[in-house]
Amino acid sequence: MGRNAGADRATIARVRAAAARHGRSDQIGFSLSLRPVLARTEDEAWARADRILAAAKAQRAKAQGAYPVQLFRNDDGTVPNVGSQRLLDAAAGGRVRDKRLWTEIAALTGGSGNSTALVGTAEQVAESLLDYYDLGIDTFLIRGFDPLEDAIEYGRDLLPLVRAAVAERDMARVAAE
């Protein structure tokens, strides 16, 4: 969920309305890319996030010694797209946005790529994903900083929680119609 959930909800509603005016309401969807950082406790998850950031900074420093590391910028130094600029604006607002949206990697990489994360226990991260789902996000692209370990953890701990809660919400929505 963005810093201003009302604005996020309004943006999604505005895009859906525009799609409907063109007969495409069944063709519109919203996707969010994140890198969940999970651990048994919230403190352990944040300690893991700190280790990930330290490793990323060390990698960047090492790479700069071998070849120039270019941030995601135009020749004049500006950010080349609105999405990256919004991400950098969010990152400038502090280490964490909302409940647990971690932006330090995004700041380090200049707003490029899939560089935001949700940090916490599987239950906490699932709750945050469900907040986004409730706003209208219908597709999540998640990948980890440690692909094999994270894929196993997501499949075992995170995805079952999210799938069960989404099914429950969808059934309640259908029942209410």
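This is a predicted model: local features need pLDDT of at least 70, side-chain atom pairs count only at pLDDT 80 or more; totals for chains, interfaces and linings use all residues.
Residues are numbered from 1 along each chain as its sequence is written. Local features need pLDDT of at least 70, and side-chain values use heavy atoms, without hydrogens and water.

**Exercise 1. Which way do the residues of strand β5 point, and which strands does β5 pair with?**

Step 1. Find β5, residues 117-120. Strands here are DSSP runs of E with at least two residues, numbered from the N terminus.

Step 2. Sort the side chains. Ala117 and Val119 point one way; Leu118 and Gly120 point the other way. In a regular strand the side chains alternate between the two faces of the sheet. All four are buried (under 20% relative accessible area, 1.4 Å probe, protein chains only).

Step 3. Look for partners. Two strands pair if DSSP finds at least two bridges between them. Strand β2 (residues 37-38) runs parallel to β5, with 2 bridges. Here Val37 partners Val119. Strand β4 (residues 101-102) is antiparallel to β5, also over 2 bridges. Here Leu101 partners Leu118.

**Exercise 2. Which residues and elements line the second largest pocket?**

Step 1. Take the volume. The second largest pocket holds about 260 Å³ of space.

Step 2. List the lining. Of 14 lining residues, Ala56, Gln59, Ile105, Thr109 and Phe145 are the closest to the centre.

Step 3. Assign elements. α2 (42-66) and α4 (104-108) each give two or more residues. The largest share, 5 residues, comes from α2.

Step 4. Count classes. The lining has 6 nonpolar, 6 polar and 2 charged residues.

Key. On a 1 Å grid over the protein atoms alone, a cavity is a set of points where a 1.4 Å probe fits but cannot get out, and a pocket is an open set with protein on both sides within 12 Å along at least five of seven lines; lining residues have an atom within 4 Å of a point. Grid points are joined across faces, edges and corners, and a volume is the space filled by probe spheres set on the points. Ala, Val, Leu, Ile, Met, Phe, Trp, Tyr, Cys and Pro count as nonpolar, Asp, Glu, Lys and Arg as charged, and the others, Gly among them, as polar. Buried means under 20% relative accessible area, exposed over 50%, partly exposed in between (1.4 Å probe, protein chains only).
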